[in-house]
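Trainee: Could we go through this structure together? I would like to start with the rings and then look at a sheet.

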Amino acid sequence: MPLRVHDTRRREKVDFTTMNPGVVNMYVCGVTVYDLCHLGHARCYLAFDLIHRWLEKSGYDVNYVQNFTDIDDKIINRAIETETDWRELVEQNINSYYRDMDSLNILRADKYPRCTDFVDEMIDITSDLIDKGHAYAAEDGVYFSVESAPEKYGQLTGQSIDAVRSGAGGRVGDSGSGKRDHKDFALWKSAKPGEPTWDSPWGEGRPGWHIECTAMSMDSFGAQFDIHGGGHDLLFPHHEAEIFQGECHTGCSPVVHHWLHNGFVNIDGEKMSKSLGNFWTIRDIVEKVDPLVLRFSLINAHYRSPIDMNEQLLKDAQKNHSRLVDVYKAALELMGVNCPPLPHGDVQSAIPLVRSVGLLEKMAQGFAVAMDDDFNSREACAKVLGALREMSKMLSTLEGDDLGAYAVHCVEWLEDTAGSVLGVLPTREQVLAEPEEDPRKAQIADKVEELIEQRSIARSSKDWAKADAIREELALMGVVVTDTAQGPIWDLV
RNA sequence: GCACGGAUGUCAGAGCGGCUAUGAGCGGGAUUGCAGAUCCUGAGACCUGAGUUCAAAUCUCAGUCCGUGCUCCA
């Protein structure tokens, strides 16, 4: 089953191919580091983390490059507002980025180039584009002339240049910029007073936004590469601009073989935006829920679909994730040593163990098929959840060596799917570690133990009214009691 | 206006020509004094209209509604 991916430019699922056999060069647009990362960033880098992981699982050697945009209007403005040196602001936010993404179990890219390290390259490309007649210097900077390569227009958005021409109107003059045409975009911006600047053939200034990705992807991969990713919103104009710049500069086309774009995050049905006040940072959420639960909730939709984040979604994810961890934990605790190997699986078998092993194999195949189908993590999650039910049932019915061997199989199965691919499994150590005692628990432990003892006495004499009354009393203290085969256990709500 | 993407049970969300996921919620059952957890099981859906086909949620056409982009944005 070959890997198929949805390519934005071709607008359909295509067989995934690479320029060099076995190697994938992947560039994903990174963040502009002027603030903390929000849920939208999480979704984006999570999507490409899954893609990264699955490509590696499929045997590719992945070179994953993700940039930081470390100079930009927003950074300059924020630095002024907060009276911080812009370099310091950048460092802070890059550190936050790593911390947030690490918490979500997002594997690091191989390289994180920063655009300020590539100003010379951007100047070279810009000069070359001027020489080739694709760009021109104006009063306030250098612009790319979109009309110089009209055949490249609209490859990602499907807009025809004629449609845009006819609808253009007289907006150009109003903007006050030196653009000759409103479709043109800046390659170099002349310095304004007080801004960080670099020297260039066109005077002091700084690079335009779009050119940085061209410079950095070229630096890592050359004129063409396999995957370019980013948020849906970058389609236009950012990625369109990259096609213009890159292809006009190098003469190679297409610059990108597979364009992958992730969908957006809505909050309670509305677009997440600062003006609506429904802006969730990763840090905010991770304070309330386990980061792996957040991760689970976000991969529980296809990466291209919009996702609506809300309490219910997190609650569902919480529940499913607990099931996953519970089964994993049970399997870890039941793992046998030196057990005889499991029989070969056969879904038709009348022997439960044989049948179950067969079912798990089938679900593992289904998992792979799902991931091969444009990284369908939702479907892949469904396979894992299906497997959990099967495992849970078998782990409570098998005995002896069968149980030990089956538990080992479950552990491996889960680590191979939910673990290394989906990245939602905690480590073995985390799962088996005794939970850290909440200091509040210690304070009330004696009182609680005493009440539970009374309740046990009441229960053994079938005084249900009294038993329930004690449970009520405990509930008022914020304590929940659960009766298990090993006796009652308690915890804070 | 132009472009792109959607419309699937109560909700979330896969499938994209024949076999109707998955989860939450709800109904029944097992276990339990009850609750919780777990397992078994049930009900319940493919926006509208037309067409293609032996067969359509799945393909084609038309329509309706929704989202997003066309300005910085993951």
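Mentor: We will discuss aromatic rings, then a sheet and the helices on it. This is a predicted model, in which local features need pLDDT of at least 70 and side-chain atom pairs count only at pLDDT 80 or more, while totals for chains, interfaces and linings use all residues. Residues are numbered from 1 along each chain as its sequence is written, chains are lettered from A and ligands numbered from 1 in the order in which they are written, and side-chain values use heavy atoms, without hydrogens and water.

Trainee: How many aromatic pairs does the structure hold?

Mentor: There are 19 aromatic pairs. Rings of Phe, Tyr and Trp (its six-membered ring) pair if their centres lie within 6.5 Å; planes under 30 degrees apart count as stacked, over 60 as edge-to-face and the rest as tilted.

Trainee: Why is the pair of Phe68 and Tyr112 stacked?

Mentor: The ring centres of Phe68 and Tyr112 are 5.5 Å apart and their planes are at 20 degrees, so the pair counts as stacked. It links distant parts of the chain, 44 residues apart: Phe68 is in the loop between β4 (61-66) and α2 (73-82), and Tyr112 in the loop between α3 (86-103) and α4 (119-131). Helices (H or I, at least four residues) and strands (E, at least two) are DSSP runs, numbered from the N terminus.

Trainee: Is Phe68 buried or exposed?

Mentor: Phe68 is buried, as is Tyr112. Buried means under 20% relative accessible area, exposed over 50%, and partly exposed in between (1.4 Å probe, protein chains only).

Trainee: Now the sheet: what is the strand order?

Mentor: The order is β4-β3-β9-β10 in an open sheet of four strands with parallel pairing. Two strands pair if DSSP finds at least two bridges between them. β4 and β10 (256-262) are at the edges with a single partner strand each, so one side of each has no neighbour in the sheet.

Trainee: Which residue in β9 is the bridge partner of Tyr27?

Mentor: The partner is His228. Strands β3 (residues 23-28) and β9 (residues 225-231) pair in the parallel sense over three bridges.

Trainee: And which strands does helix α8 touch?

Mentor: Helix α8 (residues 235-250) packs on the sheet and touches β9 and β10. Contact means heavy atoms within 4.5 Å. Of the 16 residues in α8, 13 are buried.

Trainee: What comes just after α8?

Mentor: Gly251 does, with a positive phi of about 80 degrees.

Note on methods: Axes are lines fitted to C-alpha atoms, for helices over the stretch in contact, and angles run from 0 to 180 degrees between N-to-C directions.
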